[in-house]
Amino acid sequence: MHARSGLKHWVLVAAGCAAVVGGALGATSATGAVVTGHQAEAVVPEVDLAKVQLPMECGPFPVAVSLKASAVVDGKSLGVLAAHCQADMGTPPDQVFVVEGAGRPVELLSDRDGYTLTELTIRSDGSIRGAARGYSSDDVPRFSPDVVVELMWTQSARGWAKTETRTPAHTA
């Protein structure tokens, strides 16, 4: 094989590959522009949880975010976070907030519930799942949670509905 015929072979291979790739992408032969069967939908950005101002009263202490998650579900951005007031000693209970799009945070769980969140996720169906540690009564020392709590929030026409399942910590 001559060097000239080898070059011709590579040119034909390259042209054939370009035709296959162009056909797969839907490129027009006149302009080479990529054309799709449908226009790409606008990308919805996830909620920027770092910019969310939480409606928490912490006095001189800063707000500490312990867990957070964000996702785009059914074309809507959704963010959820657990936060507490950062005290000098110990860890106060968490509050949980949800943020839809650029909206204001909505409280899902109060610090009065006394839970410390250990997990927080947004599921593909738009529900929010959390796991927490808590106390079976006011008599239990605050340094020794004795209950594991599974939390689930689902959105309805009236807002967010919470369900929870409590299990003694030693059996969880």
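Predicted model: local features only at pLDDT ≥ 70, side-chain atom pairs only at ≥ 80, totals over all residues.

Colleague: How many helices and strands are in the protein chain?

Modeller: The protein chain has 1 helix and 8 strands, in the order α-β-β-β-β-β-β-β-β along the sequence. Helices (H or I, at least four residues) and strands (E, at least two) are DSSP runs, numbered from the N terminus.

Colleague: And what share of the residues is buried?

Modeller: Buried residues are 30% of the 172 in the protein chain. Buried means under 20% relative accessible area, exposed over 50%, and partly exposed in between, with a 1.4 Å probe and protein chains only. As for contacts (heavy atoms within 4.5 Å), residues 24 or more positions apart account for 35% of those with a separation of 6 or more.

Colleague: Which cysteines does the disulfide join?

Modeller: Cys58 and Cys85, at 2.0 Å from S to S; a disulfide here is a pair of cysteine sulfur atoms within 2.5 Å. The structure holds 1 disulfide. Cys58 sits in the loop between α1 (3–25) and β1 (63–73) and Cys85 in strand β2, so the pair ties together parts 27 residues apart in sequence.

Colleague: Why is the disulfide called left-handed?

Modeller: Because the torsion about the S-S bond of Cys58 and Cys85 is about -80°. Cys58 counts as buried at 10% relative accessibility, and Cys85 does too, at 17%.

Colleague: OK, His84. Which side chain does His84 make a polar contact with?

Modeller: The side chain of Asp94, at 2.8 Å. A polar contact is a pair of N or O atoms within 3.5 Å; within protein, one must be able to donate a hydrogen and the other to accept it, and residues adjacent in sequence count only if both atoms are side-chain atoms. His84 is in strand β2 and is buried, at 11% relative accessibility. Beyond four places in sequence, its contacts include Met56, Pro62, Thr91 and Pro93.

Colleague: Is Glu119 buried or partly exposed?

Modeller: Partly exposed, since its relative accessible area is 38%. Glu119 lies in strand β5 (residues 116–122), and a polar contact of 2.9 Å joins its side chain to that of Arg129. Glu119 and Lys68 are 51 residues apart in sequence but 9.0 Å apart in space, C-alpha to C-alpha.

Colleague: Now pockets. What volume does the largest pocket have?

Modeller: About 230 Å³. On a 1 Å grid over the protein atoms alone, a pocket is an open set of points where a 1.4 Å probe fits, with protein on both sides within 12 Å along at least five of seven lines; lining residues have an atom within 4 Å of a point. Grid points are joined across faces, edges and corners, and a volume is the space filled by probe spheres set on the points. Residues lining the largest pocket include Arg133, Tyr135, Arg142 and Phe143.

Colleague: And which element gives the largest share of the second largest pocket's lining?

Modeller: That's β2, with 3 residues. The second largest pocket holds about 180 Å³, and Lys76, Glu100 and Trp160 are among its lining residues.

Key:
Residues numbered from 1 in each chain as written. Heavy atoms only, no water.
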